[in-house]
Amino acid sequence: MAHPRGYLCLVLHAHLPFVRHPEHPEFLEEDWLFEAMIETYLPLLAVYERLVNDNVNFRITMSLTPPLCEMLVDPLLQERAERRLESLLELAEKEVHRTSRGDMRKFHDAACMYERKLTLAMDLFQNRYHRNLVAGFRAFQDHGVLEIITCGATHGFMPLIKTENAKRAQIQIAKTNYEKHFGRLPRGIWLAECGYAPGVDRHLADQGVRFFFMDAHGLLYGKPYPRYGVFAPVYTPNRVAAFARDIQSSRQVWSREEGYPGDFDYREFYRDIGYDAPYDYIRPYLHSDGVRRNVGLKYHRITGAGIDLGKKEPYLPDIALERAATHAGNFMFNRQHQCRHLFGVFKRPPILVAPYDAELFGHWWYEGPDFIEFLCRKIHFDQSDIKMITPSEYLEKNKSLQVIEPTASSWGDKGYNEVWLNASNDWIYRHLHLAESRMIELAQRFPVSDGILRRALNQAARELLLAQSSDWAFIMTTGTVVSYAVRRTREHIHRFTRLYEQAMARTIEESLLNDYESKDSIFQEIDYTVYA
Amino acid sequence: MGDARCRKAELTVFAENRIYGYISDRERFYNQAPRGKQNGVNSVKRKKAMKKKIDTMTKAELYEEAQRRNIAGRSKMTKAALIKALSDLSREEHPTSTRMVHKSDKPVSPTAEPEVKPAEVSSTAVLPPPHPKAPQYLTPPPTEVYRGEEGPPLPDRLPVTVLQAMPRDPHWIFLYWDIADEDRKKIRTEHGQWVFERSLSVLRIREQENGEHCDIPILLDAKNWYLPVHPDRVYQFELGLMTPDGRYISVAASEPVRTPAAEPSFLEEEEWLAMEERYRELLDIYGEFVPGSLPGSPRGEQHFKREAARMIWSGLAPISSRSGRPR
């Protein structure tokens, strides 16, 4: 495969907001992390491991955001994740028996699959990675098959951050955190929600970040028009490479109508034994409030379009697996065609950038990790038109790029800032921007500090960063758990303001500071002077 | 530039503002006012009807009404006092609804001169008509609905004077502002005690490229606003007061902001970092030949680029980036 017709750059963006509540013995929103670990991150690691063992030459680019890394190495959350995994495995073992006779027999295959997969996940979690999944991903990066990139410190949406200092801090703190977790500097970054605005590239360049990703129109509406469209990266005015996403590969996976995940043989997400099983039986596996919720074992397939949840048919793992293989073949076939065509146009191999939320694979699209495994195997064994590549490798091979000033854009609905700036969430920005200015004021007023003052200033920076997570504005727009997002925004702004006032007055309450430090414990290495 | 038109509209709105401008607690009106279209005639009718209704009520009915409207000291009032309190209240309330022109989809001037609507101010050269996909309101619903429900309350007012402009998309800009107490005081000392109440509050919009400006009347206490704009231009905003004697007082200014582009650029110059020439091949495949415009002529180049862009974009619908997170 010396001369491929084109390259496929598969990007998985793994992110969750910092959700850690030591003040409660259990906390509903922490489930986001545990579900993602059990259904996405551990299965992906299992996939990588099998591929490496079989000498499959694959390349995947993953962004692991700083809040996610911080949670994955947090001992409290690791312990809670282990407890969750144990209880789920116990339930899965019981389920193998419960489904072994009578009416439940039709679910037996699925129950056995869960037991098998959860046993494997448990083994990886405890014995292979010693609870630390970051170490797992890092090992694959060191092996050369994975390129891990970073993201804004708390997934802050860059176009709506007011001050240059605060933008710089999002990048610089992310860089430091990446170094802590991966032992080297990040070559690339995933800008939260692909949110780009002119000038952001300067901060990337300043921190030595060589490339980032954007949505197609960010590049296509750039000035001047990009000669190779989205099929080659460009340099921004500050000489950072920008890769834009390929529309066709995105649509095949994302689209509700045309996308693979909606196939009728795939697992139905919304039918869960948390609701279906007898209450007394399932009660020990629910939260202590006893409310029925998803537990993660689901026995039905999508069955058909618009079919009532009650009429769904049993899930058949073998058939679903076969569908995943077919879809991987179809995806590869389409990319081959695309590359051959584009090679004819350009007389040089195009790069197809296919970015997705990592949590789509496994959590939403249960067969997603299998799809990725089949895709990597097929690309390696079955053809020679396309080759998987990471952005760093591409830039090594292609040193000359067109210079474009991309336009402000994001990959959110409608392509710009509206998801994070609309009537449901525009009230947050006056508070966030004020906090930015105050943080800069603190950093300039106290260029050096020690003791409790330094702790308070560092904590103020953490509170600001946590308030800036784009997730809160996003949740307010989608309307799912709005009260939690509102509370998180207000809490962090409130804590920031108290710390600001106390630091300015030089009367810091230690008990208060201890409390904030124990709750919002992200970025132990933080240095608030990045805001100066 | 429609400067004259702009000014005429300003003056009309200004006149309107003087009628109701003395009402101090505007934010309450903003929050409570109904959404529907209202005009002066209707509200007068309703007021009369209300007055009549109050006059014909028994004392018990009046008391019940007072209770519903939460009138203080009602239990000690005589029938006459109840009538007075209720009619005072209704008099106070009705200007409220007529102020709420901004919320209805077609603003109607309370001065009953429908040919000069505040909305027309925005259809000058500086500002385009609302984008077809744009929402039906110009100001957002009050954000205060969250207050007191979740988490610690945040202060209503910022301690600084600020005007911040943020592009929402190529066609809309969001602005928020606040005026610090000391700045308010300073302006009052300088320009008169009632300068805020008597002046028309405006957002002055400057377009950087041609230097033209236009004033949009706003509600100062709304503290935020969505404005329709043109894609890919640089705007700078000012929050100001138009005094009755025609002076303009600047209260706060924003940084210049550029709106995002909404279509491919057809700039001719290209810069490359050591990239070889492959452009012709791309054009040969993508572009369709237009008789009379040879490739190489400016028009031909332009056309090919446009075609190339169209083909890349053909069939492209917005793709949702998220299938549902957060859970």
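**Reading helix pairs**

Author: This is a predicted model. In chain A, helix α1 (residues 31-53) packs against helix α13 (residues 368-381) at an angle of about 20°, their axes 9 Å apart.

Reader: What describes two packed helices in general?
Author: The angle between their axes and the distance between the axes.

Reader: Is α1(A) roughly parallel or roughly antiparallel to α13(A)?
Author: Angles under 35 degrees count as roughly parallel. The angle here is about 20°, so α1(A) is roughly parallel to α13(A). The crossing is right-handed.

Reader: Which residues make the contact?
Author: From α1(A) come A:Pro43, A:Leu44, A:Val47, A:Arg50 and A:Leu51. From α13(A) come A:Pro369, A:Ile372, A:Glu373 and A:Cys376. Seven of the contact residues are nonpolar, none polar and two charged.

Reader: Now the second pair. At what angle do the axes of α16 and α18 of chain A cross?
Author: At roughly 155°. Helix α16 covers residues 451-467, and helix α18 covers residues 482-505. Their axes come within 8 Å.

Reader: How does that angle class the pair, as roughly parallel or roughly antiparallel?
Author: Angles over 145 degrees count as roughly antiparallel. Therefore α16(A) is roughly antiparallel to α18(A).

Reader: Is the crossing of α16(A) and α18(A) left-handed or right-handed?
Author: Left-handed. Among the contact residues of α16(A) are A:Leu453, A:Leu457 and A:Leu464. Those of α18(A) include A:Ile493, A:Phe496 and A:Tyr500.

Reader: How many residues of each class does the contact of α16(A) with α18(A) have?
Author: Twelve nonpolar, four polar and two charged.

Methods. Residues numbered from 1 in each chain as written. Chains lettered and ligands numbered in written order. Predicted model: local features only at pLDDT ≥ 70, side-chain atom pairs only at ≥ 80, totals over all residues. Axes fitted to C-alpha atoms, helices over the stretch in contact; angles between N-to-C directions. Helix = DSSP H or I, 4+ residues; strand = E, 2+ residues; numbered from the N terminus. Parallel < 35°, antiparallel > 145°, perpendicular 65-115°, else oblique. Left-handed = near helix turned anticlockwise from the far one by under 90°. Contact = placed C-beta atoms within 7 Å. Nonpolar A, V, L, I, M, F, W, Y, C, P; charged D, E, K, R; others polar.
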